[in-house]
Every structure is written in structure tokens, then in C-alpha cells.
Amino acid sequence: MADAHSTSGSTPRSSPAPGSASSEDASEDSIPSALREPISGDGMSDESGGDEAGGATPATKKKSPLADFDPLAPYRGAVRRFFTVYRHVAGLLMGGHLAYVRSLPDRQKKRLRSPGRRLLAFLLRPFVKRDLRDKPFPVQLRRRLEILGPTFTKLGQIMAIREDLLPDVITRELESLMDHLPAIPYEQVRAIIERDLETPVDALFRTIDEEPLGSASIAQAHRAVTRDGDEVVVKVIKPGIRDVITSDLKLLEFFGVFLQWILPRYQPAQIIEEFSAYTRREVDYTYEADNAEVFAANFQDTPGIVFPDIYRSLSSDDVLTMEFLDGIRPGSEASLALSEEERQRVIDLGAASVIRMLYDDGFFHADLHAGNLKIMPGDRPKDLKIGFIDLGMVGRFNSKLKRRMLYYYYALVRGDVENAARHLLDMARVGENGDPQGFQRAVADMARHFLMRSQQGEISFAQVILQSLSLGGRYHVFFPVEMTLMVKALVTYEGVGRTLDPDLDVVSVSRRHVQAIFRERFDPRALGRELVSNAPEFIDVMMQLPQLMSQGASFVDERLNRRPSSDDQIQGLRSGIIAGSCIVGGVMAVVQGGPLWLSIPLFVIGGILALFAR
């Protein structure tokens with residue numbers, strides 16, 4: 001979701017929503033009823049009614065914790081939405097066939113050529129929406145996602161970054177998805193705040209702007225001033241959105257199974273699963289609050305990189321109050337007017353923060369773009385800071401993947417394409433009929449071609465990595481979504497850097513920062529701290545070592561002195577053949593200049609098998 005905090009100006013309330021249905025695009029039924037139902041003035045549902053005397057229910061009256069508990073509600077909503085989604089999916093399939101027939105060469109559309117496909121297109125044409133039937137397939141897909149509302153608009157945005165799985169024509173079209181809707185009335189925003197925080201707005205804030213900073217598909221943001229005089233941004237999840245999204249996700253899981261059977265190459269089930277996990281966290285502001293505090297803790301030793309403070313007492317699941325970061329957006333006229341020293345500091349801070357997030361912390365901003373960055377100039381160039389906002393969507397690398405990512409990027413910036421391809425393959429999942437060796441060769445060749453242009457400053461590491469991931473589909477080698485989210489962060493880093501300095505040498509800047517991480521990672525003191533953290537396991541193994549050595553010696557003695565039976569002789573022959581193969585393989589690896597990590601284990605395995613092949 002594009003953060004409303006980062007949106008300049010407010011969205012006019014009278015403008016049509018990209019996700020809403022116009023009179024020609026869709027009927028009123030295609031708009032979820034939850035989005036059309038207003039919230040009552042006291043923040044309670046209209047169904048709560050009044051008291052027995054007919055008076056209004058007081059705002060302070062609390063409902064039972066189980067009053068709204070309905071385990072079947074998401075599924076009932078999914079059934080209602082099924083028919084709307086089914087209509088658009090069927091229309092997309094029919095429209096896709098029309099687009100396919102239009103794309104045929106002219107010679108295949110003349111006379112009696114391709115009669116079946118042309119006849120089917122003629123029969124399907126009346127059933128496709130008039131304003132979409134003559135559009136290319138990617139345009140039809142984008143428009144139908146917009147019509148279906150915020151959940152499917154978010155799905156389109158996730159699909160837009162999966163350039164490693166989807167064709168370029170589709171991802172480029174989905175990048176243009178608009179992620180904003182008309183603002184909801186301030187009265188509803190006020191009701192949500194008072195309902196969740198159980199306090200009148202006037203008692204919480206000194207002032208709050210009725211006109212929003214921006215309005216996105218899921219949330220809306222307003223600038224405010226706390227009672228203590230702090231300038232903040234208040235983000236509110238729009239009413240009914242959570243119920244609609246929950247129902248839509250249940251429905252998407254069903255369609256994911258169906259699409260996986262039809263289009264396994266593009267891994268639709270994986271995309272939908274990833275999308276569901278991220279979206280569920282995005283509609284709960286406790287996650288974004290936690291993310292902001294984790295980022296702040298990770299960068300507490302870097303004063304030039306800031307994250308908004310979270311006001312926990314003014315936040316809840318549906319309301320998030322955070323510090324307002326006043327700055328300029330990269331690429332704006334104000335940013336281009338910065339001095340040369342200030343621009344270089346922005347580039348240096350941006351590179352340091354992104355590379356550290358990705359390859360040191362393993363916890364990074366997964367929705368990074370220029371709108372989510374703030375440049376905050378100071379009195380002196382060295383006082384300039386950059387801030388990150390909209391922290392609801394984050395990526396995480398586990399410890400193993402984080403190490404592999406660091407090794408991969410380090411090899412890439414040094415120009416070691418062979419090791420870069422090897423580390424990249426180590427992070428992949430090889431699918432059925434996969435060709436990992438072919439993938440590794442293709443990645444090395446492609447990276448070598450890109451790196452040859454690095455001296456001219458034309459290289460983009462983001463493009464190198466993205467094209468490497470894109471090769472995976474051809475060889476049935478697949479990567480986790482965090483890999484493409486990482487590319488999005490690198491694209492932002494490179495794009496902002498080249499906006500401020502067209503002659504930016506991405507290779508040298510990246511190498512300097514990743515080498516600093518390497519020096520810190522392999523510093524003897526850091527290794528010592530890691531050894532101390534693993535001391536309990538190490539001591540446990542040391543205490544058991546005498547017993548293990550005694551058992552091992554007894555086993556070897558028994559194997560060497562036991563008279564072999566006829567079955568053992570056959571088994572020994574088999575072990576001898578395997579041992580010989582390992583030794584021959586090790587010799588070939590040495591002769592061909594192979595890596596030591598391959599030849600030495602082969603010699604060791606061959607020797608052990610030869611010893612016991614009796």
C-alpha cells in the first residue's frame with residue numbers, strides 16, 4: 001500500500017475510485033457492501049440499536065467480547081464475493097482469447113486459416129465487456145483488478161514485482177495500478193479513533209486536520225498535534241476493509257489451487273500465499289508499530305538514518321499514531337537544489353541503510369520507493385538525515401539466507417560471477433524437471449555480460465539480480481518472494497542515487513559498504529561473541545566427546561576384525577566401487593582446477609568407504 005503519509009495533498013472526495021465500478025464498468029453489486037455501510041457517529045455498528053427506552057446507546061457502553069465472534073463470517077463473505085469474482089475471471093479468460101486471436105499474424109487471420117480460434121473468438125465477443133474486449137490482455141487484467149476493489153488491487157501490486165515469474169508485459173502494466181481511493185468523511189475517521197481508543201478525539205489531540213494527507217486503498221492519514229504539542233500523523237484503516245479482505249483472501253486461496261493446475265509455470269499459488277501473508281499483516285497496525293521500533297533499534301548507532309517514533313498510547317489495531325517526518329521527496333525540485341556535498345551524503349546514507357537492511361540485519365523495508373523516503377536537510381551538510389516511512393510491509397531473511405545473500409552480493413560487486421551464480425543457486429528451490437547446472441551457467445554468462453559494462457557506469461545491480469531471478473522460470477528454479485522485494489529496494493537505492501548524481505558509480509559505492517559489513521562480520525571480536533553465544537552447545541559436545549570417541553573406537557575395531565560373510569562381501573564390493581568412484585572424482589576435480597570444497601570431501605569419503613569395504 002502506498003502510504004498516505006507520503007502522498008502529497010489529499011485525494012478529492014468526488015473523484016471516481018479506480019477500484020470502484022462506474023455505470024459502464026460494473027454494477028453496484030460488484031462493490032462490497034461493507035465498503036458502502038457508514039459507521040455510526042458513536043463508533044458503534046448500527047445494529048447495536050438503542051436502549052429499551054428507545055434512547056441512543058451511550059458511546060461508553062461496551063459490547064460483549066464474543067458479540068462479534070462469528071467463525072463462519074469470512075466464508076459467507078467469500079461465497080457472496082465468489083460470484084462477482086467468477087464473473088470477472090471468466091470475462092478475463094474470454095477477453096484473453098480475443099486478445100490472443102488479435103495478436104495472430106495477418107496471414108493466419110485470412111481466408112480459412114485458424115478457423116477454430118477465430119470462430120471461438122466470434123462467439124465469445126458479445127460476452128466480454130464492451131470497453132475491454134478490444135484491449136490487450138495486460139490492460140484487461142489491470143482494469144478488472146481495479147474494479148474488484150482494494151484486495152485485488154493489492155494482489156496486482158504484488159504481481160507487479162514478481163518479474164521473475166510473470167512476463168514483462170504484464171508486470172509493466174500492473175505497475176501503473178493506482179493505489180488510492182476517495183477519502184472517507186472525517187466523521188467516520190473520528191468515530192473509528194474514538195471507538196478504538198475509547199476517548200474523545202478532543203481529549204487525545206490538540207488539533208487534527210479534517211482534510212487527509214492522503215487516502216490509499218486500505219487506510220487514510222491525517223496530520224495532527226498531540227496534547228503535548230508533538231506533530232504526528234494518524235493513520236486509520238477504513239471501515240469494512242478488514243472484512244472484505246478476509247473474505248477475498250479465502251476466495252483467492254480457492255482460485256490459487258485452480259490456477260496452479262492450469263498455469264504451474266507462473267506459480268500462482270505461491271504468489272497468492274505470499275500476498276495473503278503480507279496483506280493480513282498490513283491491515284493490523286500493531287505489526288507496523290513493531291516494525292518501526294525494530295528498525296529504530298537496528299539503526300540506533302546511525303543518527304543520520306531515522307524512523308518515525310510510535311505513540312503506543314494513541315495507537316491500536318485500526319489506528320496508528322506516529323511522528324511526522326518533515327522532509328523533501330527524492331526527485332523533487334527541492335532535492336535537486338541541494339548542494340553537491342548534501343547530495344553525496346544522501347547517496348551515502350541511502351546506500352548504507354539499504355545494504356545494511358538487506359545483508360546485515362536481514363530485516364528490510366519491502367515497499368521501498370521514493371515516496372517512502374524523506375530527505376531532512378540540517379544546518380550543515382553533515383547534519384542531513386534521511387527518514388523511512390510506511391513500514392507496514394517488511395521482508396525478512398533467516399540467518400542462513402542472510403549469509404548467502406551477503407556472499408552473493410559480495411561476489412557480485414567484486415565481479416566474481418562464478419561464485420555469485422553458485423551462491424544464488426544455493427538460495428533457490430529446484431522444481432520438478434529443473435536444470436540447476438544450466439541455470440548456473442546462464443546466470444554466470446548473463447552477469448559477466450553486465451559486469452563488462454561496469455566501467456562505463458551503466459551497470460544496475462538490481463537489473464543483474466532481477467534478470468538472474470527471471471532465468472529461474474526457464475530452468476524451473478524458484479526463489480522466495482523476499483528476493484524480488486530485495487530487488488525493489490535496490491532499484492529505489494539506484495534510482496534515487498542516479499537522480500541526484502547521474503554519474504553515480506554503483507559498483508564502487510556498493511563495494512565500499514558491503515566490504516564494511518564483511519569486515520564487521522568476520523572481525524575476531526564478532527566471531528568470539530558468536531562463539532560465546534553458542535557456548536552451551538559446544539560445552540555439551542565436549543562433555544560427550546570421550547564417550548563418543550570410545551564408541552567410535554569400538555565400532556572401528558569391530559569392523560576391522562570381524563570375519564566377513566558372503567553378504568558382507570557383496571556389500572563390500574559395492575562400497576569399494578563407490579569408494580573408487582569418489583577417489584577418481586576427486587582426482588578429476590583437482591586436475592580440472594575444481595574447488596577444494598569439492599575434491600577434499602570426495603577423497604575423505606572415498607578413503608572411509610575403502611577402509612570399511614571388506
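## Exercises on helix contact and salt bridges

At 43% relative accessibility, Arg512 counts as partly exposed, a class that lies between buried (under 20% relative accessible area) and exposed (over 50%), with a 1.4 Å probe and protein chains only. The model is predicted: local features need pLDDT of at least 70, side-chain atom pairs count only at pLDDT 80 or more, and totals for chains, interfaces and linings use all residues. Residues are numbered from 1 along each chain as its sequence is written, and side-chain values use heavy atoms, with hydrogens and water left out.

**Exercise 1.** Determine with which residue Asp348 forms a salt bridge.

*Solution.*
- Step 1. A salt bridge is a side-chain nitrogen of Lys or Arg within 4 Å of a carboxyl oxygen of Asp or Glu.
- Step 2. The partner of Asp348 is Arg512, and the closest N and O atoms are 3.0 Å apart.
- Step 3. Asp348 belongs to helix H13 and Arg512 to helix H19 (residues 506–521), so the pair ties together parts that are 164 residues apart in sequence. Helices are DSSP runs (H or I, at least four residues), numbered from the N terminus.
- Step 4. Asp348 has 29% relative accessibility and therefore counts as partly exposed.

**Exercise 2.** Decide how H13 and H14 are oriented to each other.

*Solution.*
- Step 1. The axes of H13 (residues 340–361) and H14 (residues 399–413) come within 7 Å and cross at roughly 125°. Axes are lines fitted to C-alpha atoms, for helices over the stretch in contact, and angles run from 0 to 180 degrees between N-to-C directions.
- Step 2. Angles under 35 degrees count as roughly parallel, over 145 as roughly antiparallel, 65 to 115 as roughly perpendicular and the rest as oblique.
- Step 3. H13 and H14 are therefore oblique to each other.
- Step 4. Contact (heavy atoms within 4.5 Å) is made by Ile355, Leu358, Tyr359, Asp360 and Asp361 of H13 with Lys402, Met405, Leu406 and Tyr409 of H14.

**Exercise 3.** Find where in the chain the salt-bridge partners Asp426 and Arg404 lie, and state whether each is buried, partly exposed or exposed.

*Solution.*
- Step 1. The side chains of Asp426 and Arg404 meet at 3.5 Å, N to O.
- Step 2. Asp426 is in helix H15 (residues 417–426) and Arg404 in helix H14; the pair links distant parts of the chain, 22 residues apart.
- Step 3. Asp426, at 39% relative accessibility, counts as partly exposed. Arg404, at 26%, also counts as partly exposed.

Terms used:
Helix = DSSP H or I, 4+ residues; strand = E, 2+ residues; numbered from the N terminus.
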